[in-house]
Structures are given as C-alpha cells and as structure tokens.
Amino acid sequence: MKSARSPRRAGAKGVTYEAMRRLALALPAVEEGTCYGTPGWRVAGKLFARLREDGALVLRTDLHEREELMASDPEAFFVTDHYLAYPWVLVRLSHVGRDRLLTLMRKAWERSAPRKLIAASIPRAKKKG
C-alpha cells in the first residue's frame, strides 16, 4: 500500500526570497544594497550574492564547485553563457534546500570576506585548564 505524501512537507526543497535574504544578512558584516538594479549582498565591499531579475540567485563559487553543483542537481544549479568564464553559479531558490543554501552562502561569503573577518567569525575552542 502506497503512503500519501505531501509534495511540500517540512524539509522539502524550496527557499523563499525572504528566507534567503535572512540567511545572507545573518552572516558577519554583510551589507545589503543593489547590484544591476536588483538586491545584492556584499562583505567588505565585495559582492558574494545577488538576485537576478528572473528570481535566480547569483552566488560566488569556484569553477570546480560550480561543475559539481550543476552535475549533482541541474534543476537547482545552472549557468548562462554570460557566467561561463566567471566563478559564479545561478541558483533556483524554488529547487534548493535551506541547509544546502546556507552552506553555499557561507562559502560564497568566505570567498569575499577579508581573512581577519573570517578568522574572527570562527568560534574559538575553549582552552582546557
């Protein structure tokens, strides 16, 4: 007997713009502004994420990780010809899970943030004494 499951049960893929925005703003020293007329997020003046006019998120990555992301989930991750030579990946928010997006946004932030800020944002282990 098959069990009936809702396609949008808790934990299902899909992140709203507002949820993505909260994730970006929760990262240390993030500034929200505009980029090409759409919302963008920077750290120390360096862009790490922006929203495209079509609602896709443009996220800083590296070319190797981008290929892995697109191979693992082509419905969520893609690239247009414009971005082929650049270390950015496009993300369909409706097809990505919150935890995965949070991880990717943190990596994008780390690629843009100054080293001192990254070091200061890592929780320090308590000394045993």
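1. Overall make-up. The model is a predicted one, and its secondary structure comes to four helices and six strands. Read from the N terminus, the order of the elements is α-β-β-β-β-α-β-β-α-α. Of the 129 residues in the protein, 36% count as buried.

2. Helix α3. This helix covers residues 98–112, and its 15 residues, taken at 1.5 Å a residue, should span 21 Å, which agrees with the 21 Å that separates its end C-alpha atoms. The buried residues of α3 are L101, L104, M105, A108, W109 and S112.

3. Helix α1. Here the buried residues are M20, L23 and A24. They lie on the same side of α1, because the arc they cover around the axis is only 95°. The exposed residues R22 and A26 are carried by the face of α1 that is turned away from the buried side.

4. The largest nonpolar core. This core has 28 residues, and those that touch the most other members are M20, F48, L57, L59, F77, L101 and M105. Two or more residues each are given to this core by α1 (17–26), β2 (38–43), β3 (46–51), β4, α2, β6 (88–91) and α3. The largest share, five residues, comes from α3. M20, listed above among the buried residues of α1, is one of the residues with the most contacts to other members of the core, and L101 and M105, which are buried in α3, are also in that group.

5. The cavity. A search of the whole structure finds one cavity of 30 Å³ or more, and the volume of the largest cavity is about 30 Å³. Its lining is made up of L59, R60, T61, E65, L69, V89, L104 and R111, which divide into four nonpolar residues, one polar and three charged. At least two lining residues are supplied by each of β4 (57–60), α2 (63–72) and α3. Among the lining residues, L104 is also one of the buried residues of α3, while L59 is among the core residues that touch the most other members.

6. The largest pocket. About 160 Å³ of space lies in this pocket. The residues that line the pocket are Y36, L47, R50, V58, H82, Y83, Y86 and W88, and by type they divide into six nonpolar, one polar and one charged.

7. Two residues with positive phi. Y36, one of the lining residues of the largest pocket, has phi near 55°, a positive value in a residue other than glycine. Y36 sits in the loop between β1 and β2 and, with a relative accessibility of 69%, counts as exposed. A29, in the loop between α1 and β1 (30–35), has phi near 60°, again positive in a residue other than glycine. With a relative accessible area of 46%, A29 is partly exposed.

8. V15 belongs to the segment before α1 and counts as buried, its relative accessibility being 9%, where the cut-off for buried is under 20%. Although V15 and R98 are 83 residues apart along the chain, their C-alpha atoms are separated by 6.0 Å.

Methods
Residues numbered from 1 in each chain as written. Predicted model: local features only at pLDDT ≥ 70, side-chain atom pairs only at ≥ 80, totals over all residues. Heavy atoms only, no water. 1 Å grid on protein atoms, 1.4 Å probe; cavity = no way out; pocket = protein on both sides within 12 Å on 5 of 7 lines; lining within 4 Å. Points joined across faces, edges and corners; volume = space filled by probe spheres on them. Nonpolar A, V, L, I, M, F, W, Y, C, P; charged D, E, K, R; others polar. Expected span 1.5 Å × (residues − 1). Buried < 20%, exposed > 50% of the residue type's maximum accessible area, 1.4 Å probe, protein only. Core = buried A, V, L, I, M, F, W, Y, C linked by side-chain atoms within 4.5 Å. Arc of directions from axis to C-beta.
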